[in-house]
Amino acid sequence: MLLALQVLFGVLVAGTGLGLIVDVAKNRMDDLRKATGKAWAAGFTVGIIANFLDTLGCGSYAPSTFMYKLFNQMDDIDIPGTLNVGDTFPVIFEAFIFTASVDCDPMFLWIMYICAAVGSFGFATVVTKWPRNKIRYALGFVMIPLAIIMLCKNTGVGPFGAVGTATGLHGWKLIVAAGLNILWGALMDIGFGLYAPCMATCLLLGVDGTACFPVFMGSCACLMPACSIEFIKTHRYDVPHTIGNALGGCVGVFIAWKLITGLPMFWLINLVCVVLLWTSYTLLSAAQKDKKAGIA
Amino acid sequence: MFVNEYVMDRRRYDKWATPKFWKLPIFYVWCLIFAAGVFGWIYFKSVNAPARWQTVGAFLTFVAVYRGVFFRWMHADKTFRLTRENYFKGKNWTCKTIVGDKNISLYINGKANNKVEWSEILRFEEAKTFFKLATDEYNEGVMLDKSCFTEGDADSFKQWMFDNHPEIKYGPVAPPFNK
């Protein structure tokens, strides 16, 4: 009974991304037939690498765009749609396997998901007025001390206490985490990734290193299909690359999942710190680039 | 010639863009997912299965409620608010549609915005409070509020369509959008 329910749940979760299959079967079969082996291989490979990095918290859009542009694989106009639609399956798969393999308080997850959705939908008009570059600088600089504090906690240096082991949060910590997840959800509307700040929030409030993963992955999985629907409707995605990306992405997620769940906690926290520092670097360098170009 | 003019506010946009969720076939799939999620959540708790399986149940119930009930409304509302903020300085905008013999002209805040040829109109759909001249298989088309005709009226427009454009298929709007 237990196993049957677990399999059923996996199928149900996978089914939430069915829009792509329906659209391809109805409208894009010709594109599918014309696809070359090279396009399939490229989509599959990019999917593995990008979604492996995504599962670690580094994000997948930047590496995917870089690889597609480097090998001149498709029209630039199709890249956003290909990434959005192609990454939907791996992200849902990510959320499912981490939720099903890591102990995390269900109510805590519910609250965090609701907050991410409220942030993304309810505060979109507010954050679009905010100065993007200043937020990049602020988040980029905040990530550095956060990573250092986590490293200190992990190695037992300084007055920061030990790394948390909670599977959920309660009381004021839950309120803080929920409030910040609204903010991270809202910032997604102006192009900020949710993974790294959400991961940092949970870790600093005392959540166990692995228990953070279903929180930020689920938050993203809930918000992501909103963009995909528009790209599917307007057919603005490349079919072989999207399907290759979706299949390869699931493989990449699986490899990363094996790595993360197999790592001792000490090394996992160190890995998270590297991800936070990497995110800080990407935010600051993007801010510098836009500043030089005169974009606020 | 018919002229239809109305102010696009949040209420009107949400009403036209959001279907009645309980009339969508997919809603019943979400109901099943919700039931499976709640059952799983309770069952896994009662057999003392690891907390991670309870969280999968929680995840499914959340996704079912969020996608099945709230998502379309939230998405439409966000689209409206962003459009108003980005293109109309935070103010509602006026839509004017002039239905002529040769084509349909659309004006936003008094400025020409688009022209739609009659050959682009696929269907003439009627709802309780509006007409839709559908241009594609999705929820796109020229919307005319029945109560906002400034030249002509709803009944004469309908008759005019039957007389002048019999080639355009007439029918009711999809039930979830019949408001």
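This is a predicted model: local features need pLDDT of at least 70, side-chain atom pairs count only at pLDDT 80 or more; totals for chains, interfaces and linings use all residues.
How many residues does the contact take from chain A, and how many from chain B?

**Figure 1. Where chain A meets chain B.** The contact draws 30 residues from chain A and 27 residues from chain B. On the side of chain A that touches chain B, at least two residues each come from α1 (2-15), α7 (88-101), α8 (106-122), α9 (124-127), α13 (212-223) and α14 (225-233) of chain A. Which helix gives the most to this side? That is α1(A), with seven residues. Sorted by class, the side of chain A that touches chain B holds 19 nonpolar, eight polar and three charged residues.

**Figure 2. Chain A as a whole.** Chain A has 16 helices and zero strands. Its C-alpha atoms fill a box of roughly 60 × 60 × 35 Å along the principal axes. The radius of gyration of chain A is 19 Å, which agrees with the value near 19 Å for a compact globule with 296 residues. Of the 296 residues in chain A, 45% are buried. If you follow the contacts in chain A with a separation of 6 or more, 85% of them are accounted for by residues 24 or more positions apart.

Figure 3. Why is helix α6 (residues 79-86) of chain A described as largely enclosed by the rest of the structure? Seven of its eight residues are buried, so the description follows from that count. A residue is buried here if 20 or more other C-beta atoms lie within 10 Å of its own. To find the buried residues of α6(A) in the view, look for A:Ile79, A:Gly81, A:Thr82, A:Leu83, A:Asn84, A:Val85 and A:Gly86.

**Figure 4. Two helices of chain A crossing.** Helix α12 (residues 195-204) of chain A and α13(A) have axes that come within 9 Å and cross at roughly 145°. The crossing of α12(A) and α13(A) is right-handed. From α12(A), the residues A:Tyr195, A:Cys198, A:Met199, A:Cys202 and A:Leu203 take part, and they meet A:Cys212, A:Val215, A:Phe216, A:Ser219 and A:Cys220 of α13(A). By class, the contact of α12(A) with α13(A) comprises nine nonpolar residues, one polar and no charged.

**Figure 5. Chain B as a whole.** Four helices and nine strands make up the secondary structure of chain B. Read from the N terminus on, the elements of chain B run β-α-α-α-β-β-β-β-β-β-β-α-β. Chain B is more spread out than a compact globule, because its radius of gyration of 21 Å is well over the 16 Å that the globule rule gives for 179 residues. Its C-alpha trace spans about 70 × 40 × 25 Å along the principal axes. Buried residues account for 23% of the 179 residues in chain B. Among contacts in chain B between residues at least 6 apart in sequence, 61% join residues at least 24 apart.

**Figure 6. A four-stranded sheet in chain B.** The open sheet has the strand order β7-β6-β5-β9 (chain B), with mixed pairing. At its edges are β7 (141-145) and β9 (169-172) of chain B, each pairing on one side only. On average, neighbouring strands of this sheet are turned by 20° against each other, direction ignored. Zooming in, strand β5 (residues 123-126) and strand β6 (residues 130-134) of chain B pair in the antiparallel sense over four bridges. One bridge to pick out joins B:Arg123 to its partner B:Ala134 in β6(B).

Key. Residues are numbered from 1 along each chain as its sequence is written. Chains are lettered from A and ligands numbered from 1 in the order in which they are written. Two residues are in contact if their C-beta atoms, placed from the backbone, lie within 7 Å. Ala, Val, Leu, Ile, Met, Phe, Trp, Tyr, Cys and Pro count as nonpolar, Asp, Glu, Lys and Arg as charged, and the others, Gly among them, as polar. Axes are lines fitted to C-alpha atoms, for helices over the stretch in contact, and angles run from 0 to 180 degrees between N-to-C directions. A crossing is left-handed if the near helix is turned anticlockwise from the far one by less than a right angle, and right-handed if clockwise. The radius of gyration is taken over C-alpha atoms; the globule rule is 2.2 Å times the number of residues to the power 0.38. A residue is buried if 20 or more other C-beta atoms lie within 10 Å of its own, exposed if 12 or fewer, and partly exposed in between; C-beta atoms are placed from the backbone. Two strands pair if DSSP finds at least two bridges between them.
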